[in-house]
Every structure is written in C-alpha cells, then in structure tokens.
Amino acid sequence: MKVAVAGCCHGALDKMYETLELLQRRHNVRPDLLLCCGDFQAVRNEADLRCMAVPAKYRHMQTFYRYYSGEKKAPVLTVFIGGNHEASNHLQELPYGGWVAPNIYYLGYAGVVRFRGVRIGGISGIFKSHDYRKGHFECPPYNQQTIRSAYHVRNIEVFKLKQLKRPVDIFMSHDWPRSIYHYGNKKQLLKMKSFFRQEVESNTLGSPAASELLQHLKPSYWFSAHLHVKFAAFMQHETNSKEELPKATKFLALDKCLPHRDFLQQIIDVEHDPNAGNSLEYDAEWIAVLKATNSLVNVTQSSWNMPEKNGLHAKWDYSVTEEAIKEVLEELNHDLKIPCNFTLTAACYDPSKPQKNMEPVHTINPQTTEFCAQFGLTDINDRIQQAKEEGSGRGECEEEEEEEMDSTGSAEEPSEYNTGNSGLSSFNPDEIMLDEEGGDEDLSTCSVDPSPDHPPEFSTSFSDIRIMPDSMAVSSDDAMDSNNEELEKSGGSKQVEEKSSTERSLKRIGCDENGNSGVKKIKRRNQAIYAAEDEDKTD
C-alpha cells in the first residue's frame, strides 16, 4: 500500500491534491492514503478564521471550504491531526475524531484507526508545560489565552495512548519528539537550520510528551511537521527483556506542504492486509481504552496528574484485556467500518457574500454525539456546556475570565516535566515573533481576509526542558561548551533587540501579558518559522 505523507498544508488543499495528481500523471504513482501532520486548517467560514491563532494579516480562507461544502471531494482518503494553527472551534467539535469533509478524517485530540490492516495513530497539538495537566476546558468564543491553549497537548491524551499494548504501524505528531535529532544527520539539520543549534545541543527542541510516546509505542514509522524542514532519523529501541524482539522507528519530519518538487520521496510502501477492505476502520483496542479511561475525562482548568503507581492511586493501569477488546468487537458485530456520517454543522463560506463579522459559536457535532452514545463515552463538549450552564466557574469559556498563570501550570503540584522560561533561546532569522500587544492583539476580533490565492506560512513553537529517557542520552561529544552557549544566547538577544527597534511587529518577547517589562510571568507567544518570499515563488 502506498502512503503519501504531508507536512503543514495550511489549508491549501487544492495545491496538495493537484501535486498528487501531477505525480500520478508523470510517474504513474497513485497513493492509497494521504496523511497530514497538522496545521491542516479546516476553515469553513469567517468565524473559523477568528478561532485560528494567527495575526489578521495571515488569515486567509484558502480552499478547504470547497471540500466542506461538497463542491469538491478529496481524491484520496486523507487522515490528519491538528497542529498549532487550526480552526480550533471546528476541530473541537470532534474530540474523538470524525469527518471534517467527505473522505477527510480528523483523528481527534488523540486517536488510532486502521486502514487495510495498517494501524495508524496520532496526537494533535503542541506541547506546553503550563497547560499539559489541565482538562479540555476551552470553547468558543475564545479569548487571548484559550485561543492558544485549545491546541496544547494534554496529559490525558498521552496517558490514553500509553495504555496501548498492540503494535502501532504509523504514528503522527505535529511537533517533533524531543531528542529525535540525535538519531539522524544532525550536522545537515544544523546546516539547513543553524538557529536550532542551541536547542539541539541543550536537548530542548521538541516535545517531551511525544518523546515519551515514542519510547512506549515504538511504531514502525513516526511522522511530524511543525518546524518546516525535512529531516529523517532511524531509532533503534532498547528491549525490555531478552525475549522481546528488537524494534526500530523510521522518523520523517516533513517540510511545509505546498507544491513540493520532492513529494515523490514522501510516498512510502507499507505492508498491509490484502484481504482488508478499503474503508477506514475503528481500532478495537483504542475504543476499549477510551471506555476504560472515560472516568478520567476532565473539562476544568484545574491541573492534575494522571494515575500512577506512587501509592496515591488505587488504580493506575488502564490498559485493556483481550476480553475487553472482544466486547468492543461484539458491540460492533465485528464490523469496524467507520460510518460515513459527515454532517454540515456551520454555514460554508460564500465568496459572493463575505461575512467578516461572523462570530464563532460552541457546537456539539452529531458525529460526536453518535460516537459517545454508541460506546458509552463522555461528550466533552456537552460536559463543557453543562458546566457553563451550571455556572460552576471551572469550565467557563467567557472572554473576560482570562486566568493568569505561571510557568509550572499549577500551584498545588509540580509539573511532570521540568520547565523553563525560554522555549527558544537562540535567534531564528527565519522566524517572526508575534507580540500579543502588537500585531497579535486582535486574534479573535480583527477582520479577516478570505482570499484563497495567497497561502500563509506558519509554524513553530518549542517545548520546555525535560530530562531525556536513558536510551536517548546525548553523548559527551554532543555537549555544547557552556561559554559558547552563553555567547550564542547573548548574540541572539542582541540581534533580536536590533530587529525589534526597526520592525514593530517583529520583536523578542520581553514583557508580561499586560505589556509591562520586568514582571516575572510567562508571556504567551506564537513562535513562527516563515519561509522567505523568494522560496515561496520557487516552490
């Protein structure tokens, strides 16, 4: 089976599918499945644009709405995860996954499905330690805080995925697993992206949560995007016992997904079950895990840790038995086919009648309602609505209730991961820092540009510090001299200061959320790697 893998497509679906059709004409290669590793941007209308965490000038309607309306249909089954530049209100309707358009399937906050016997998993969003232990409490209309936290990975999703015992063939994450760069051509990576050096050498580039999943799941393939650079790695996993067969993961990070000259190299041959059908299917073990962990669902802003074997929890192992998996199969009469129950839940963009003042609303999607009813699961959005109606305060999504937070994410308990104030310590010449009090201040209120003709370029945000697993330890040869590190930090700061003095919207973050310098708060930022203008033209 041929599987095409794409990076951040930023809503440019027409161009992505046209590229695949071009490959078929020129090389006689037609993929059976397309995977997209985030920043998909399933934008249906102007209200969805308001829910995307980018400045107004980068809000473009692009072409997804044509697939949502039925004007066009994806020529190949497409499965994607969310990134950090999404119509979060749309994806939030499908926390357990679902169809965003005919033949285009979203995996949800985290999910596992099967296609032709190939097991495909993924986790949406990016890692930020200050939101990691919270529940999914956000809902539209978002405020300046929740429009970002809505796409931050939560510990409950990682916990669910860690209950899986059966092998996973393919896994997707938006941000890279931390430390994976030590298993590929690191010199070439730093040659292409020299501003990654400090993060690579200090092992702070990437997601510690994704790294944890990589260690546990050990999939055959792992695909990521986010950093807008192509990078391959091969990781040999340590075995837990002499009886366990050695496992290895082929990692591939994808560049941004616009017409690629090398898209042909992003099509892989994957062994599949020739007797399996051509329909996307539920994964029985994953459904059983969702049922087993349903009591852990949290829709509040309170920070909490997942159950673990530390003497504080009566139960910490939520992995499922073969009997539980069998029960799922019996519930479905052994028919795992995911129903094609796509439903329009919002008005579709009409180029002839633009509605720039359209406001987002919190919607409960019938697909989610049906899924939860079938498997006895909590409808997260329904629970959030109940919390709002009850006025509990914990699940409130009102715009004026913006909570101040520190870098640990909790006053009661320490975070699972070590935290630091610097997510990106070195200066990135390809990056635009977006100041919330400047160019990024009107994320939910400014006007939108529905033009589909000029694709925006986004993405990247770096995680906080975490100690690597033993098998990912960095050798002494990889360690960076501390003097050089300090020089690079000071040099980077100087460059940013010079840049910020001449360009108001491009500046290093050095203020609190109220624009005051010197206050020890973590400023929310949107660190984005933008391709040079001439690169867009050549692509």
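**Helix α14 and its neighbour**

I started with what the buried residues of α14 pack against, and that turned out to be α4 (88–92). I took contact as heavy atoms within 4.5 Å, and buried as under 20% relative accessible area, exposed as over 50% and partly exposed as in between (1.4 Å probe, protein chains only). Helices here are DSSP runs of H or I with at least four residues, strands are E runs of at least two, and both are numbered from the N terminus.

This is a predicted model, so I kept in mind that local features need pLDDT of at least 70 and side-chain atom pairs 80 or more, while totals for chains, interfaces and linings use all residues. Residues are numbered from 1 along each chain as its sequence is written, and side-chain values use heavy atoms, with hydrogens and water left out.

Which residues of α14 (residues 380–390) are buried? I listed Ile380, Asn381, Ile384, Gln385 and Ala387. They cover an arc of only 160° around the axis, so they sit on the same side of α14; the arc is that of the directions from the helix axis to the C-beta atoms. An α-helix has 3.6 residues a turn, so residues three or four places apart point the same way. On the other side of α14, I found Glu389 and Glu390 exposed.

Then I checked both ends. At the start of α14, a side-chain oxygen of aspartate 379 comes within 3.1 Å of the backbone nitrogen of asparagine 381. After α14 comes glycine 391, with a positive phi near 65°.

**Strand β7**

Next I looked up β7 (residues 118–123). Six of its six residues are buried, so β7 is largely enclosed by the rest of the structure. Val118, Ile120 and Gly122 are buried on one side, and Arg119, Gly121 and Ile123 are buried on the other.

What does β7 pair with? I counted two strands as paired if DSSP finds at least two bridges between them. β6 (residues 110–115) pairs with β7 in the antiparallel sense over six bridges, and valine 112 stands opposite glycine 121. Their hairpin has two residues between the strands, and arginine 116 takes a positive phi near 55° there. β8 (residues 170–173) pairs with β7 in the parallel sense over four bridges. In β8, phenylalanine 171 is the bridge partner of glycine 121.

**Whole protein**

Last, I noted the overall figures. The protein has 16 helices and 15 strands, and 58% of its 539 residues count as buried. Of the contacts with a separation of 6 or more, 81% come from residues 24 or more positions apart.

How values were computed: A polar contact is a pair of N or O atoms within 3.5 Å; within protein, one must be able to donate a hydrogen and the other to accept it, and residues adjacent in sequence count only if both atoms are side-chain atoms.
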